[in-house]
Amino acid sequence: MTRKVLVIGLGLIGGSIALALQKAPETKIIGYDMDSQTREHAKTLHIVDEIVTDPMQAAADVDVIIFGTPVNATLDWMEQLKSWPLKKKVLVTDTGSTKKSIMQKAGELRELGITFIGGHPMAGSHKSGVLAAKAHLFENAYYMLTPLAGEEIIHMAQLESLLKYTHAKVVSVSASEHDHMTAVVSHFPHIIAASLVHQLGGENGEYPMTRSLAAGGFRDVTRIASSNPVLWRDITLQNREELITQLEDWEAEMGRVKQLLLQGDAHEIEAYFAVAKDLRDELPISAGAIFTSFDLYVDVPDYPGVISEVTGILADEAISITNLRIVESREDVFGVLVISLQSEHDRERAAKCIAKRAHFETYIS
Ligand SMILES: NC(=O)C1=CN([C@@H]2O[C@H](COP(=O)(O)OP(=O)(O)OC[C@H]3O[C@@H](n4cnc5c(N)ncnc54)[C@H](O)[C@@H]3O)[C@@H](O)[C@H]2O)C=CC1
Ligand SMILES: O=C(O)C(=O)Cc1ccc(O)cc1
């Protein structure tokens, strides 16, 4: 019997889940988004099998409902769900970055006999919208589930058997553990990134040239400030208690740094950076990497057209590139071209065909 899945919210995350689930056998993916252009794209790009304009009507006949909406919109939909005609065994989940408020609402749904298991794939990017959706977005990333206490094992198994098509690592945690951990590694860094950009904005009057100098490091640490503001408004509002604690800890930490600078003790300052370097260098790469990119470094000789030669080879082999940059223009005959690919598999294929057809050396950082 065909399993029917309704995805509400077809942006980066909802669209990527829908694409990943296209590989699930005997599964029909139905999609809804409040934005008509998104609905149109989802249909023409075959992200879903069917687009609907009335999610309530569609929900009556589906086995699984997945919310890919910003977290405040998800709360609104969950409220509406209470009065919808649904299949008795429907399984409802979400993809939101916060979990405490959502699971509180899930408790209300449980009282009405509706099963809701919170979900949060720990992968994504600063990009948003259906056109950024990718089937492999969640590969190897953690996918956190936050069941209500006493959730039936069979419901967990049903959800996991569907999510296996995302190729993510599914783990279960409580909603409060989730909101604490994500505040530290995801939500608070967004505030810091935005604040650094604000600080740069403040330079415009007296030192307008500063922004032209914002290169490598600044761009790395502020990439996430380019994310969808509506999404982050909702996330920070829903997780504001944890974020206030993070902010207080950060203020204390900055106080410590200020003291180090006031004292001007070279040894202590070096130790501060050394401890941070060691901790940063020990971070696992694949375990829950939030923004996964598969970079391939190519040593390319310095002659006109060499970059289009490499991209042409990849195009011939139908390998998509997500990013391309030159990290270092050396003064000798070789430069390093960094190509970001969509998956480990694509990176291996790219390395092989570049080596075979162009004889350039490739390596992974
Ligand atoms: N952006 C990221 O990297 C990640 C985001 N998330 C979570 O996934 C959810 C979706 O985020 P993204 O896909 O990044 O956002 P997005 O902005 O790419 O997509 C959201 C989609 O929801 C639609 N939408 C907004 N309000 C709606 C409503 N009331 N009813 C129906 N559709 C509505 C929008 O039109 C849009 O197509 C959020 O809850 C977010 O916290 C989770 C992991 C990573
Ligand atoms: O782009 C990045 O590095 C992100 O931070 C992506 C992201 C955004 C929201 C999440 O809940 C999880 C991951």
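Q: How many Å separate the centres of domain 1 and domain 2?
A: The centres are 31 Å apart, taken over C-alpha atoms. Bear in mind that this is a predicted model.

Q: Which residues does each domain cover?
A: Domain 1 runs over 3-174, domain 2 over 178-281 and domain 3 over 294-363.

Q: How many residues of domain 1 are in contact with domain 2?
A: 15 residues of domain 1 are in contact with 15 residues of domain 2.

Q: Which elements supply the side of domain 1 that touches domain 2?
A: α4, α5 (100-111) and β7 (142-146) each give at least two residues to that side. By class, the side of domain 1 that touches domain 2 has nine polar, four nonpolar and two charged residues.

Q: On to the ligand. How many residues surround ligand 1?
A: The shell holds 29 residues. The closest are G11, I13, S97, G124 and S128.

Q: Which domains does the shell around ligand 1 draw on?
A: Domain 1 and domain 2 each provide at least three residues of the shell.

Q: And which element has the largest share of that shell?
A: α1, with three residues. At least two residues each come from α1 (12-21), α4 (71-81), β6 (115-121) and α9 (229-238).

Q: What is the shell around ligand 1 like by class?
A: It has 15 polar, 12 nonpolar and two charged residues.

Q: New topic. Where is I47?
A: I47 sits in the loop between α2 (36-44) and β3 (50-51).

Q: Is I47 buried or exposed?
A: I47 is buried, because it has 25 C-beta neighbours inside 10 Å and the cut-off for buried is 20 or more.

Q: What does I47 touch?
A: Leaving out residues up to four places away in sequence, I47 touches L10, G15, A18, L19, G31, A42, V130 and A133.

Q: What separates I47 and D265?
A: Their C-alpha atoms are 57 Å apart, and the two residues are 218 residues apart along the chain.

Q: Last one, α10. What should the helix span, and what are its end C-alpha atoms apart?
A: α10 (residues 240-263) has 24 residues, so at 1.5 Å a residue it should span 34 Å. The end C-alpha atoms are 34 Å apart, which agrees.

Q: How many of the residues of α10 are buried?
A: Two of its 24 residues, so the helix is hardly covered, because buried takes 20 or more C-beta neighbours within 10 Å.

Q: What follows α10?
A: G264 does, and its phi is positive, near 65 degrees.

Methods. Residues are numbered from 1 along each chain as its sequence is written. Chains are lettered from A and ligands numbered from 1 in the order in which they are written. This is a predicted model: local features need pLDDT of at least 70, side-chain atom pairs count only at pLDDT 80 or more; totals for chains, interfaces and linings use all residues. A residue is near a molecule or strand if its C-beta atom, placed from the backbone, lies within 6 Å of it. Helices (H or I, at least four residues) and strands (E, at least two) are DSSP runs, numbered from the N terminus. Ala, Val, Leu, Ile, Met, Phe, Trp, Tyr, Cys and Pro count as nonpolar, Asp, Glu, Lys and Arg as charged, and the others, Gly among them, as polar. Domain bounds come from an automatic or database domain assignment. Two residues are in contact if their C-beta atoms, placed from the backbone, lie within 7 Å. A residue is buried if 20 or more other C-beta atoms lie within 10 Å of its own, exposed if 12 or fewer, and partly exposed in between; C-beta atoms are placed from the backbone. The expected span of a helix is 1.5 Å times one less than its number of residues.
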